Number of protein chains: 2
Amino acid sequence: MFSPDSDSASRPRILITNDDGIGAKGLRFLVDCVSDLADVRVVAPDRPRSGQSGAITSGVPLALTPVADFAGAECYICNGTPVDCVKLSLHVFPDSRPQLILSGINHGSNSGISIFYSGTMGAVLEGCVVGIPAVGFSLLSHDPDADFSVCRDEVRRLVMQVLQRGLPDGVCLNVNFPLLPARGVRVCRQARGYWTEEYEWRTGADGCEGYFLTGHFVNAEPQVDDTDEYFLAHGYVSVVPCTCDQTAYRAMPLVESLCL
Amino acid sequence: MFSPDSDSASRPRILITNDDGIGAKGLRFLVDCVSDLADVRVVAPDRPRSGQSGAITSGVPLALTPVADFAGAECYICNGTPVDCVKLSLHVFPDSRPQLILSGINHGSNSGISIFYSGTMGAVLEGCVVGIPAVGFSLLSHDPDADFSVCRDEVRRLVMQVLQRGLPDGVCLNVNFPLLPARGVRVCRQARGYWTEEYEWRTGADGCEGYFLTGHFVNAEPQVDDTDEYFLAHGYVSVVPCTCDQTAYRAMPLVESLCL
């Protein structure tokens, strides 16, 4: 079993990022959760970058700027997206490739189809693409001052397990926490669903009118009992193993009949 | 069989977007390819938005601005990402929901893991999420003046097939064209791979120094003969059926043993 008391020479390295930006409470909490387990490097967006998915920045110069005194961890801000944070960190520090990438803890859930839009999970999927085990953590509260303490034990347990045993090639984890202490942990699949009533027309703070993103998530399978949405609604921590291979293997015969 | 000569009352509706922006030759070519098959609405980014993945814009007012005289199609520009274009179009025109969403034709390939970063495919996956059949088209040339004529026949054939027969629920298509007239069409899986040597430090046009995105794609399975990378390299059109369900079903037992 991985021991949190390993001496420094053999300590694993963890890269931590998020999409709520360097100032988010959930980021600092996550660093604090695992800093005795590994050498932690934080590379986080300089501002909130929610909804950035797997977006990358081109044509604009990126930089890493050191931040002093970040919960005892080596820390940098990056003027890019969460995926940029991961890519640029791996480029700038090639000799200290992390054994694990963590993202979060996000303020707000990333269950169901939210994995597609989520910058938190974008960073995690980038880890998956480059062959580094990666885990995204999210809490079901958008409150900037949310109480993350309910996540601590499970975050530490999962991190120790993944550091010791790794993850299958091409697989990463999307972990969501309910607000109250959980009834347990469930490994499950991504719920099907979509967002609805997505825009409202209004005047923004700067006086400009337009459509502002809003709306709410519709669970397309509310009666089904094997999805992340179901388990979160019933008080469990949901763990969805995710892949960056988006091939719909089962659809191949039908698509062949369309194309050939 | 779907007939291109159907009268207007029964004509299907196609929404077309891209990530190279309203000025891209590939967008205009795609509209021209299909405008006799359907009533076409174009909603495209007002500027290039490559690498935007599934990113969505929040906190900034979005708008659709009509564009006159766009290859005979109803046309709007949007100040958002490709996914914003799809979402906002569906919101603003609820009574003319399209039967098909097309994205492209992208200047440059979107094979392999590029689906993760691609704004072209972000728009396609958004269609998949909301239950509208969707197809992304890309040509293996970044030349702004690329010759798209090699794509025409296959684009029309696929569009007619999907209009007539639809796609399986939760499945969309990622279609890539080689530069020369193709030897045929192959339905295949997404190649495994990653990007390498991703940044160079230089001074940008505005005098600002920093890391600029660059690099090249590494096919992690060059010897394998069932991937999109393989078939493109051998002169075929690649068609990858893609899913927006990123659950790694096969990894569930192992992840359960980590978590429980």
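Biologist: How many residues of chain A are in contact with chain B?

Modeller: Please bear in mind that this is a predicted model. In it, 63 residues of chain A are in contact with 63 residues of chain B.

Biologist: Which helix gives the largest share of the side of chain A that touches chain B?

Modeller: That is helix H7 of chain A, residues 252-259, which supplies six residues.

Biologist: And what is that side of chain A like by class?

Modeller: The side of chain A that touches chain B has 40 nonpolar residues, 16 polar and seven charged.

Biologist: Let us turn to chain B. In what order do the strands of the open sheet run?

Modeller: Nine strands of chain B form the open sheet, in the order E3-E4-E2-E1-E5-E6-E7-E13-E8, and their pairing is mixed.

Biologist: Which strands stand at the edges?

Modeller: Strand E3 (64-70) and strand E8 (185-187) of chain B do. Each has a single partner strand, so one side of each is left without a neighbour in the sheet. From one strand to the next, the twist averages 25 degrees.

Biologist: In which sense do E3(B) and E4(B) pair, parallel or antiparallel?

Modeller: E3(B) pairs with strand E4 of chain B, residues 73-78, in the antiparallel sense, over five bridges. B:Pro66 stands opposite B:Tyr76 in E4(B).

Biologist: Now the helices of chain B. At what angle do the axes of H2(B) and H4(B) cross?

Modeller: The axes of helix H2 (residues 82-92) and helix H4 (residues 119-129) of chain B cross at roughly 30 degrees and come within 7 Å. Angles under 35 degrees count as roughly parallel, and that makes H2(B) roughly parallel to H4(B). The crossing of H2(B) past H4(B) is right-handed.

Biologist: Which residues meet there?

Modeller: From H2(B) there are B:Pro82, B:Val83, B:Cys85, B:Val86 and B:Lys87. They meet B:Gly119, B:Thr120, B:Gly122, B:Ala123, B:Glu126 and B:Gly127 of H4(B). By class, this contact of H2(B) with H4(B) has five nonpolar, four polar and two charged residues.

Biologist: How many residues of H2(B) are buried?

Modeller: Nine of the eleven are buried, so H2(B) is largely enclosed by the rest of the structure. Among them are B:Asp84, B:Lys87 and B:Ser89, as well as B:Leu88 and B:Leu90.

Biologist: Back to chain A, please. How do H1(A) and H5(A) lie to each other?

Modeller: The axes of helix H1 (residues 25-34) and helix H5 (residues 152-165) of chain A come within 9 Å and cross at roughly 55 degrees. The two helices, H1(A) and H5(A), are therefore oblique to each other. Their crossing is right-handed.

Biologist: What makes the contact?

Modeller: H1(A) provides A:Leu30, A:Cys33 and A:Val34, while H5(A) provides A:Arg152, A:Val155, A:Arg156 and A:Val159. By class, the contact of H1(A) with H5(A) has five nonpolar, no polar and two charged residues.

Biologist: One last residue. Is A:Leu232 buried or exposed?

Modeller: A:Leu232, whose place is in helix H6 (residues 228-233) of chain A, is buried, with 24 other C-beta atoms within 10 Å. The cut-off for a buried residue is 20 or more.

Biologist: What does A:Leu232 touch?

Modeller: Not counting residues up to four places away in sequence, A:Leu232 touches A:Ser109, A:Ser111, A:Leu140, A:Asn176, A:Pro178 and A:Ser238. As for A:Met160, 72 residues apart from A:Leu232 along the chain, the C-alpha atoms of the two are separated by 23 Å.

Technical notes: Residues are numbered from 1 along each chain as its sequence is written. Chains are lettered from A and ligands numbered from 1 in the order in which they are written. This is a predicted model: local features need pLDDT of at least 70, side-chain atom pairs count only at pLDDT 80 or more; totals for chains, interfaces and linings use all residues. Axes are lines fitted to C-alpha atoms, for helices over the stretch in contact, and angles run from 0 to 180 degrees between N-to-C directions. Helices (H or I, at least four residues) and strands (E, at least two) are DSSP runs, numbered from the N terminus. Angles under 35 degrees count as roughly parallel, over 145 as roughly antiparallel, 65 to 115 as roughly perpendicular and the rest as oblique. A crossing is left-handed if the near helix is turned anticlockwise from the far one by less than a right angle, and right-handed if clockwise. Two residues are in contact if their C-beta atoms, placed from the backbone, lie within 7 Å. Ala, Val, Leu, Ile, Met, Phe, Trp, Tyr, Cys and Pro count as nonpolar, Asp, Glu, Lys and Arg as charged, and the others, Gly among them, as polar. A residue is buried if 20 or more other C-beta atoms lie within 10 Å of its own, exposed if 12 or fewer, and partly exposed in between; C-beta atoms are placed from the backbone. Two strands pair if DSSP finds at least two bridges between them.
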